[in-house]
Amino acid sequence: MNFADLRKRGRFLDVGSGTGVLAAALLAGVEDATVIGIEPSESYVTFCRARVHDQRVSFERGDALDMPFAGGQFDGTLSLLILQELRDAPEAVKEMRRVTKAGGIVAASQWNFADGMPMLALFWDAVIETIGTNDARKEAANCMVVEYPDEKALRRLWKEAGLVEVETQLQEIEMAFESFDDYWTPFSSGVTKTASYAQKLSEDEGHALEDRVRQKTTGQAGDGRLTLTAQAWAVRGIVPAGSTATRA
Ligand SMILES: C[S@@+](CC[C@H](N)C(=O)[O-])C[C@H]1O[C@@H](n2cnc3c(N)ncnc32)[C@H](O)[C@@H]1O
């Protein structure tokens, strides 16, 4: 969030808000912020509404590719770890730019898949060990292939959306899971490629996979707590003055 270099006060948008981690960080890190989180998954929106009781934040269903906002509404628009899920990332970044005021920041971060992504690798290793079909292996391999995998691709994506003063940074992120459920829940909800795979398994396959992941995650501390370190690329750019805010 520091890298996004946001204004001290204003209205911010969290695109693909999931469990609300970024929205909470925005409220805590910006002196006077109001935050809207948009997210296509009904279960995540319900979860966040039930969990976060703060008048400064609201969560709505919405799609990064067609956001329910007029142009130039936000002082900053951010997304955390969603680019790899989108069928048209360039359109989503143009939408992020459209809804942001001139001079405002558009920023995102995305896993450095080139370095492996331990949270997903653990899941897909368990898929190969329990399901093990050719299809499962293919899905496991495809899941780590993303369209914008590195600094160069992210810079290009931001510049092609019309953003200026584009900067990137490689960050190390420590992911601490308090329990098995903390790790497992994102695979059973949300609109991600990995969650869609988990949801289409048969009941038996699903149980076998969950058991295998449980064994792997309890290995570390013996009580389900788990810490994984991953790398992510952060990218940010500014909406140039005088730019028109039309739908992508
Ligand atoms: C890996 S999760 C990250 C969630 C959250 N930003 C975080 O960091 O905890 C990816 C999120 O992208 C959301 N997502 C998938 N497709 C989307 C779309 N078209 N528009 C907005 N969000 C989307 C998923 O539902 C999920 O919440």
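Q: Which residues come nearest to the ligand in this predicted model?
A: The model is a predicted one. Around the ligand there are 22 residues. Those that come nearest are Gly16, Gly18, Ala64, Leu80 and Val191.

Q: How many residues of the shell around the ligand are nonpolar, polar and charged?
A: The shell around the ligand holds residues of three classes. Three are charged and seven are polar, and the nonpolar ones number 12.

Q: What is the order of the strands in the open sheet?
A: The protein chain has nine helices and seven strands. The open sheet has seven strands with mixed pairing. Their order is β3-β2-β1-β4-β5-β7-β6.

Q: Which strands stand at the edges of the sheet?
A: A strand at the edge has a single partner strand, so one of its sides is left without a neighbour in the sheet. From one strand to the next, the twist averages 20°. The edge strands are β3 (57–61) and β6 (164–177).

Q: Which residue in β2 stands opposite Phe12?
A: Strand β1 (residues 9–15) and strand β2 (residues 32–39) run parallel and are joined by seven bridges. Opposite Phe12 stands Val35.

Q: At about what angle does helix α1 run to β2?
A: Helix α1 covers residues 21–29. It lies across β1, β2, β3 and β4 (74–80). Its angle to β2 is about 175°.

Q: What radius of gyration does the protein chain have?
A: For 248 residues, a compact globule would have a radius of gyration near 18 Å. The protein chain agrees with this, because its own value is 18 Å.

Terms used. Residues are numbered from 1 along each chain as its sequence is written. This is a predicted model: local features need pLDDT of at least 70, side-chain atom pairs count only at pLDDT 80 or more; totals for chains, interfaces and linings use all residues. Helices (H or I, at least four residues) and strands (E, at least two) are DSSP runs, numbered from the N terminus. The radius of gyration is taken over C-alpha atoms; the globule rule is 2.2 Å times the number of residues to the power 0.38. A residue is near a molecule or strand if its C-beta atom, placed from the backbone, lies within 6 Å of it. Ala, Val, Leu, Ile, Met, Phe, Trp, Tyr, Cys and Pro count as nonpolar, Asp, Glu, Lys and Arg as charged, and the others, Gly among them, as polar. Two strands pair if DSSP finds at least two bridges between them. Axes are lines fitted to C-alpha atoms, for helices over the stretch in contact, and angles run from 0 to 180 degrees between N-to-C directions. Two residues are in contact if their C-beta atoms, placed from the backbone, lie within 7 Å.
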